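Please walk through this protein chain with me, one element at a time. Keep the sequence at hand as you read.

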Amino acid sequence: MHGRVKVKSTAQQEEEKRKDREKKLKIYVAARDACFSKRKEGIWDDEALQISQQLLSSNPDFATLWNYRREILMHLETVKDEDEVQKIYEAELSFLESCLKVKPKSYGSWHHRCWVSTRLPRPDWARELNLCDQCLNLDDRNFHCWDYRRMVVKMSGVPVDKELAFTDRLIGSNFSNYSSWHYRSTLLPLLHPESPEPPSPCCKPPQSSPPPSPQIHSHRVCEEQLLKEYELVQNAFFTDPNDQSAWFYYRWLLGRAEREEMISCVYVSRDEERVAVAFSRPVNAQSVGLLLVLDGLPQRVEWSSVHPRFKHSPVWICDLPPGTISDIPNEHNLTVHWTEKPTHRDCALYTGRSESWCRDSATDQELFRSELSVEKTSVLQSELQSCNQLQELEPLNKWCLLTIILLMRALDPLGYEKETLAHFQTLREVDSMRSAYYSDLCSKFMIENTILKMEYAEVRVFSISDKSLTTLCHLDQLLLVTHINLSSNQLQRLPLQFAMLQCLEVLEADDNSIENLEGVYHLPKLEEVLLKNNKISTLADLQPLASCPKLKCLDLRGNPVTQTDNVESKLAELLPSVTDLLL
């Protein structure tokens, strides 16, 4: 046995490790308790800085200790001169660099560095930018560093075009750099904003204007630059078709411009003496400043959302004092003023009419897609052709399939409807884990198409049966609909937004999987509800119908609730206005 190294047993090794951990833990706990005691006693000295530094060097995510260090540093600011404070904070930055080497994605370290940098008497922003470059070279997806870099850029006034060139460099070295693509999307609208006037030869801001801050979002990108971006991103996804970063950026490029903030529709009912107002975005009508003027006289009315659970909603209603507009022989003129956005909309209730409205057509607004110029249409057609070629080479590439769908939506949503449905079916097969997402997205597009068709025909009937719908959306666009047919789909609920259908008289929703009717709330004109072959199981599920004062006909055949004891008498008590009940 002489000359051989004695190998310790596993049990001995574990015991030694345990003792070593206990020893370190005792030292750590003692240091932590010392820090807590000093903080409790209001002691802000160099020793506290040293103890907290030892602890944070091994555990940079100890938020309480970072808070304590800030208290100490702020105290030192009051007792030291500017040069001394400068040296203290420079030492703090050096210490933070060592913490970031231990844990590059430490929330506490980056937050503290941001705080320190903004308190430095003479900050060296060039040094901080260089640090960001080094960190991003090590990990280009370090989102803490990206956030810090945006702060540094804002504080130091780095020109937007320089930052855009920075994203060029990172994307050029790695197409998969999602953070760079995202940062690029925040910079482009600042450097190349879309003009409300017809596009000019140059989209750059005047040279005399100071460069805008990269942190302030503008609107869309001007067309000239947008066409260049299409080419850049196409190179990326042809290089690596399975990388999602460029595909996500491409979806952003295809996104429509934000809708103008406006009153999109005003509806007035003589029978209910009610006014409904639809906005282009959800608002809080109680805080945005709505003024209703009737026949030249301002009215004191109380605005309410269509459902009590909505604080922000695109549709708001108010009831007029009894007898205000109920006189059939007379004509009334209403104006709704949105004082926050100096805009208004007029609506005339003519003699003999029981209702009236004034609205923008969905087809006129380009509601679901951006208006395309001839040049952009040509480029998108070329992009679609390229993606189709790529899809032939990569038939199971989900990103390519989804982008083809989005290009078709941008170009001609109705003309490409059949191809879109076929591509969604393929997507559900090749990416089955996200089939529910694709079904919901397909439902959204089919509803948009149906709204467009309804607008072209100028009808108030919305029929979208047997389309495999899994969700409902854009219900604020259906304020004027009187008859809706949702039969033979895959709906499980009628959402809260359903309460926006203030003119609805007939609801057909047979042959779905509906369990919840929470959105059928206080629909003043609803008379007939057809719910055959759904999954309504309790009387409580039907409670929302009790808020519909004109409900006369209810068909519940094929629902589990019909098996409830004494269901007919209980329903008569719950829904006394119903005279035609089918069970």
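**Strands, helices and domains**

Cys 265 stands opposite Arg 359 in strand S9. Strands here are DSSP E runs of at least two residues, helices are H or I runs of at least four, and both are numbered from the N terminus. Two strands count as paired if DSSP finds at least two bridges between them.

The model is predicted, so local features need pLDDT of at least 70 and side-chain atom pairs count only at pLDDT 80 or more, while totals for chains, interfaces and linings use all residues. Residues are numbered from 1 along each chain as its sequence is written, and side-chain values use heavy atoms, with hydrogens and water left out.

Stay with S1, residues 263–269. This strand is mostly covered: 7 of its 7 residues are buried, meaning under 20% relative accessible area, with over 50% called exposed and the range in between partly exposed (1.4 Å probe, protein chains only). S1 also pairs with S2 (residues 274–283), antiparallel, through 6 bridges. Ile 263 faces Phe 279 of S2 in that pairing. The hairpin of S1 and S2 has 4 residues between the strands. There, Glu 273 takes a positive phi near 50°.

Now step back to the whole chain. How is the protein chain divided into domains? Domain 1 spans 15–182, domain 2 spans 263–359, domain 3 spans 361–449 and domain 4 spans 459–582. These bounds come from an automatic or database domain assignment. The centres of domain 1 and domain 3, taken over C-alpha atoms, are separated by 45 Å.

Next come two helices. H5 (residues 107–119) and H7 (residues 143–156) have axes that come within 10 Å and cross at roughly 10°. Axes are lines fitted to C-alpha atoms, for helices over the stretch in contact, and angles run from 0 to 180 degrees between N-to-C directions. H5 and H7 are therefore roughly parallel to each other. Angles under 35 degrees count as roughly parallel, over 145 as roughly antiparallel, 65 to 115 as roughly perpendicular and the rest as oblique. Residues of H5 that meet H7 include Tyr 107 and Trp 110. On the H7 side, Phe 143 and Met 151 are among them. Contact means heavy atoms within 4.5 Å.

Finish with the open sheet. Its 6 strands run in the order S10-S11-S12-S13-S14-S15, with parallel pairing. S10 (461–463) and S15 (580–582) are the edge strands, each pairing on one side only. Inside the order, S13 (residues 528–530) and S14 (residues 553–555) share 3 bridges. Val 529 stands opposite Leu 554 there.
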